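New notebook page. I want to look through this model piece by piece and jot down what turns up.

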Amino acid sequence: MTQRVLTQTLRRLERNGMVVRRVLPTSPVGVEYSLTPRGESLREPFGRLYDWTVFNADEIRAPN
């Protein structure tokens with residue numbers, strides 16, 4: 001993933017209320033992202049999807 005794609009993705013997530021961006025008072029200026037309650041609500045379903053993918057990875061990769 002390029003820096004540009006990462007920046008666009010984070011901006012979209014922020015705009016959709018999934019993450020909040022905080023500017024850090026450092027030199028150079030830094031930023032920190034954290035999940036909002038809306039973003040946090042996806043942790044469980046995405047976790048289940050991840051577990052399913054890992055469990056079925058060999059079958060998914062196998063040629064048809």
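Predicted model: local features only at pLDDT ≥ 70, side-chain atom pairs only at ≥ 80, totals over all residues.

First, the rule I used: I call it a salt bridge when a side-chain nitrogen of Lys or Arg sits within 4 Å of a carboxyl oxygen of Asp or Glu. By that rule I get four salt bridges.

**Salt bridges.** I began with Glu 32 and Arg 22, whose side chains meet at 3.0 Å, N to O. Glu 32 is in strand β2 and Arg 22 in strand β1, so this pair ties together parts ten residues apart in sequence. I also checked how open they are: Glu 32 is partly exposed at 35% relative accessibility, and Arg 22 is partly exposed at 45%.

Next I looked up Glu 40, which pairs with Arg 43, with 2.5 Å between the closest N and O atoms. Glu 40 comes out as partly exposed at 37%, while Arg 43 is exposed at 52%.

Then I went to Arg 48 and Glu 44, where the closest N and O atoms are 2.6 Å apart. Why are these two about one helical turn apart? They are four residues apart in helix α3. I remind myself that an α-helix has 3.6 residues a turn, so residues three or four places apart point the same way. Glu 44 is exposed, at 55% relative accessibility.

**Nonpolar patch.** Which residues make the nonpolar surface patch? I found Phe 46, Leu 49, Trp 52 and Ile 60, covering about 460 Å². Helix α3, residues 43-55, gives the most to it, with three residues. I picked out Leu 49, which is in helix α3; it counts as partly exposed at 47%.

**Thr 36.** Is Thr 36 buried or exposed? Its relative accessible area is 16%, and under 20% counts as buried, so I wrote down buried. Thr 36 sits in the loop between β2 (30-35) and α2 (37-40). Leaving out neighbours within four places in sequence, I see it in contact with Gly 17, Met 18, Val 19 and Val 20.

**Backbone.** Helix α1 runs over residues 3-15 and reaches 18 Å from first C-alpha to last, close to the 18 Å expected. Just after α1, Gly 17 has a positive phi of about 80°. I also noted a cis peptide bond between Ser 27 and Pro 28, with omega about -5°. Pro 28 is in the loop between β1 (19-24) and β2. For context, most residues other than glycine have a negative phi, and most peptide bonds are trans.

Methods
Residues numbered from 1 in each chain as written. Heavy atoms only, no water. Expected span 1.5 Å × (residues − 1). Patch = residues over 30% accessible without salt bridge, like charges linked within 9 Å, V, L, I, M, F, W, Y side chains within 5 Å. Areas by Shrake-Rupley, 256 points an atom, 1.4 Å probe, with all protein chains shown as cover. Buried < 20%, exposed > 50% of the residue type's maximum accessible area, 1.4 Å probe, protein only. Contact = heavy atoms within 4.5 Å.
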